[in-house]
Every structure is written in structure tokens, then in C-alpha cells.
Amino acid sequence: MAKPVLVLKFGTASITKPNGEPNEPVLVDIARQIAILHRQYRIVLVSSGAVGAGKASIRDFRGDIIQRKAAAAVGNLLLLNIYSRFFAVYGVSIAQSLCERHHFANRDQFLQLKQTYEELWENDIIPIANENDVVSNRELKFSDNDELATLMAVGFGAEAMLLCTSVGGLLDHEGQIIRHVPSLTEDVFGVVRTDKSAQGLGGMSSKLTFAKLATRMGIKVVIFGINHPDGILRALQDETGTRFDPQPVSLSARNRWLGSGSLAAGQLRVDAGAVKALLRRSSLLAVGVREVLSDFEAGEVVEIVDETDQSVAVAKARISSAELGGQLQQPNVEVANASDIVLL
């Protein structure tokens, strides 16, 4: 049987110095620990840090969007060379994977990505993924690499996802790490501080948002710190950091892909009767749609929210928002078939 998939994400603050340069002693230790896990898992390493690695090459770096793109173009090469050097000590080869949102939003393109990763794993190569900052734009960007890691974990059916943070886990109001979170409720989100690291985009709220999606898809999530001895290995054994339990789920690979709601192209608000029908695993009909909140085309993934704007499900639409707009409240008009709906 194929080895299980493990996704590890390292943010900028975890692997760089305060000035943004790669922290080589940390990267040395990451390579050592991942080389050990490489024997047991098919690994995806999602790594930030390209902008920090490359910004010294950009004269008068001020951090505007074009300068950050240029710095990323330089820094991706520098960062991958560092990883390559440190993994080579253990006889492990790596590959670069620069991803964009459409690689996940389009099912055919996602399957091509997945097949490429499977070929890399078959050859004992670890793919190192990052957003393709050089060409991404504001509308198509991932919110941060926590999202990219989650889309990888959900799409590839990962057993576990580890998110590294500079604070070592989810902290309570006294600043102590909460070791175990059985379910991500609103109370859990209530303990989060809203500050972010100076270097990175994502904060703890981002990590919890994507941890909630991953656990709903049956994936164990651990938020941990790299500064603990053997931090990665111990996090996977639930000996450090914060563990979030996977929720029971029985979905096909296609429906796991559908279930990653951050891929939704559009949004619909439905009434209480439609919500009850969806919970009974029925199709979504136009008669239950109250409002089209954002546009979509036939075949695209849409998010379905209830009258309080709580997410209920995601679905592959059978008709476009333009077609639906002229048929709202009409009986027997199928917006999404039951087989194309995933409850959240």
C-alpha cells in the first residue's frame, strides 16, 4: 500500500531571521527531521520565506507588490538551493512546485497536479510548494500558505497536516499552549489574539480557519513550534503543540475536493426549507434559493449559506447564476444535484 500523505507548512517567521533572511540552522534541523519522516510518509513541504530570501537583491527594497514579486523570483531559487543542500546530506531529492489558485479550482488541472506529485513520490522526491508570487494577483492569491497547505492536504487525502508557528501552538488567555482541541467551536476562536508576525501574512485565526476545514475532511491537524527539540517528530506524536482531532467523514476523493470551500467561485443564500432538504441529502432546487450573493458559471463550485450566513454546504452548480437569477423560487429547477453537494 502507498504510504500516507503528510503535509508540513512552515511560515516565514518560523524559518527566517528577524531581517527576513533564511535561518539556516533551523532549515538544517527541518531537513533532518523530515528525512526521518520521509521513510514513513509521502511528504508535501509548503514553505514560505522566498520574499525574505530575495529582498536583499532588490535595490531600495520598500516592500511594494512589484518589489515583492521580484524578490520572490530571486528568493525561490535561493531558498530551494538551501533546502536542496541540506536534504542532500540524507540522500533526499527535492522538487519545486509553484502553485496558483486555478490549479485547485479547476478539477482537471488539480488532477494533473496530483499525478505529478504521485510521480515525484514514486521516485522518493519531496515536493516543496509555495505560491507562484511572481504572477499571482490580488484576486487570485491564496490568503496565505496555510490555505495552500490545506488545499494540498484535502485534495491529496492527507492523514495529517502540521502547521508551524513561532508561538508553538494555540495559546490560552494566560499564554499557555492548549494541548488538545477535540472540536473547533466558536469558543476556541475566541481565545485567539489578532496580531500577526512582522514577516508573514497568516496569523492564528488563519490557522484555525483552515484547521477547521481540514478536520472536517478527516485530517488530523497539529499547530506546533520548530524551536522545541525534535519539534516536528514530537508534534506528529502529539507530544508538543496543539492537536486538533479529525472529524468522522466518508467522502470520495472528488467530494473532498468539492468540500474545500475556499475554492468556491460563487455563493448562494437559501431558506430554512432548503437547509433541511440538504441535510436529508436532497438536491438543491431553485425554489429554496433566497438570493444569489456572487456570480458563478455552470460547473463551478458554489458555497451555500443559510439565512444567518452560516456555511451549510458546497456544491457543483448545474446552472449559472445568470440562469438561476431568472428562475428564483421556481419549482423543479435543479441548481445542484445531491451527488454534487458536500455538507460542511
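D271 touches V287, G288, R290 and E307, leaving aside residues up to four places away in sequence; contact here means heavy atoms within 4.5 Å. The model is predicted: local features need pLDDT of at least 70, side-chain atom pairs count only at pLDDT 80 or more, and totals for chains, interfaces and linings use all residues. Residues are numbered from 1 along each chain as its sequence is written, and side-chain values use heavy atoms, without hydrogens and water.

D271 lies in the loop between β9 (266-270) and α12 (272-279); helices (H or I, at least four residues) and strands (E, at least two) are DSSP runs numbered from the N terminus. D271 is buried but has no salt bridge, and R290, the nearest side chain of opposite charge, is 5.9 Å away. Buried means under 20% relative accessible area (1.4 Å probe, protein chains only), and a salt bridge needs a side-chain nitrogen of Lys or Arg within 4 Å of a carboxyl oxygen of Asp or Glu. The D271 side chain also reaches the backbone nitrogen of A274 at 2.8 Å.

Next come the nonpolar cores. Such a core is a set of buried Ala, Val, Leu, Ile, Met, Phe, Trp, Tyr and Cys residues joined through side-chain atoms within 4.5 Å. The largest has 42 residues, and V7, Y117, M152, F156, M161, L170 and L208 have the most contacts inside it. Elements that each supply at least two residues of this core include β1 (5-10), β2 (42-47) and α7 (145-155). The most comes from α7, with six residues.

V7 touches V44, V46, A149 and M152, among others. A second, separate core of 34 residues includes V26, L27, I82 and F86.

Key
Buried means under 20% relative accessible area, exposed over 50%, partly exposed in between (1.4 Å probe, protein chains only). Lys and Arg count as positive and Asp and Glu as negative; His and the chain ends are not counted. A polar contact is a pair of N or O atoms within 3.5 Å; within protein, one must be able to donate a hydrogen and the other to accept it, and residues adjacent in sequence count only if both atoms are side-chain atoms.
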